[in-house]
Amino acid sequence: MNPKKRPSILAENIVTQSRIFTVQAQHLEFSNGVQVHYERLLGHQDGAVLIVPMLDDDTLLLIREYSAGVGRYELGFPKGKIDPGETWLEASTRECVEEIGFRPRQLDYLDQVTLAAGYMDHHTHLVLARGLVEDSAEGDEPEPLEVVSWPLDDWPKLLLDPDFSEGRAYAALFLMLQKLGRLT
């Protein structure tokens, strides 16, 4: 299958910018001559990480934290942006130490995913963390995070939990299960 030719960018400008978000307007022309105006959210250039930490071969560690986007507490995996100059490995280690109080001895790259690719320029590196040893550092959360142990064999129940709803967490869970040969 031949990839289509990307549209020509006729104009781009920043519509608005806040502490977290940058909205960019684009004027594009497609190969058939049709011109369209789009708006998109520009993400952090280096992206983010989302880590699936395993306390042991049978136990996942999750966090419960307030998620302003949905206005409630969400059960999920440690995550955060990659700071300037950091690699995904360094960011994954830092986020584990800050959010769950463990330093991973082994990090396995699972994949990179996008969020709402139709209007958002953002990518997240999904990572499996194993060989956890206790270590902690202060993070940027406004309140202490609740760390939740979850039996790996009960992953289907996790999918039914209404507080576990983030698409990146679903993708990371399934990629981890696939990597470990736990999907049947």
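User: What makes up the largest nonpolar core of this predicted model?

Analyst: The largest nonpolar core has 22 residues, and those with the most contacts inside it are L60, L62, F77, L173 and M176. At least two residues of this core come from each of β4 (48-56), β5 (59-67), β8 (102-114), β10 (123-134), β11 (146-151), α2 (155-160) and α3 (167-179). Among these, α3 gives the most, with five residues.

User: Which residues is L62 in contact with, apart from its neighbours within four places in sequence?

Analyst: L62 is in contact with L75, G76, F77, E146, V147, V148, W150, L158 and F164.

User: Why is F77 called buried?

Analyst: The relative accessible area of F77 is 1%. Buried means under 20%, so F77 is called buried.

User: Why is F164 called buried?

Analyst: F164 has a relative accessible area of 2%. This value is under 20%, and therefore F164 is buried.

User: How many aromatic pairs are found in the whole structure?

Analyst: A search of the whole structure finds five aromatic pairs.

User: Why is the pair of F77 and F164 called edge-to-face?

Analyst: The ring centres of F77 and F164 are 5.9 Å apart, and their planes stand at 85°. Rings pair if their centres lie within 6.5 Å, and planes over 60 degrees apart count as edge-to-face.

User: Where in the chain do F77 and F164 lie?

Analyst: F77 is in the loop between β6 (72-76) and β7 (79-81), whereas F164 is in the loop between α2 and α3. The two residues are 87 residues apart, and their pair links distant parts of the chain.

User: Which residues do ring pairs link into a cluster?

Analyst: The cluster linked by ring pairs consists of F77, F164 and Y170.

How values were computed. Residues are numbered from 1 along each chain as its sequence is written. This is a predicted model: local features need pLDDT of at least 70, side-chain atom pairs count only at pLDDT 80 or more; totals for chains, interfaces and linings use all residues. Side-chain values use heavy atoms; hydrogens and water are left out. A nonpolar core is a set of buried Ala, Val, Leu, Ile, Met, Phe, Trp, Tyr and Cys residues joined through side-chain atoms within 4.5 Å. Buried means under 20% relative accessible area, exposed over 50%, partly exposed in between (1.4 Å probe, protein chains only). Helices (H or I, at least four residues) and strands (E, at least two) are DSSP runs, numbered from the N terminus. Contact means heavy atoms within 4.5 Å. Rings of Phe, Tyr and Trp (its six-membered ring) pair if their centres lie within 6.5 Å; planes under 30 degrees apart count as stacked, over 60 as edge-to-face and the rest as tilted.
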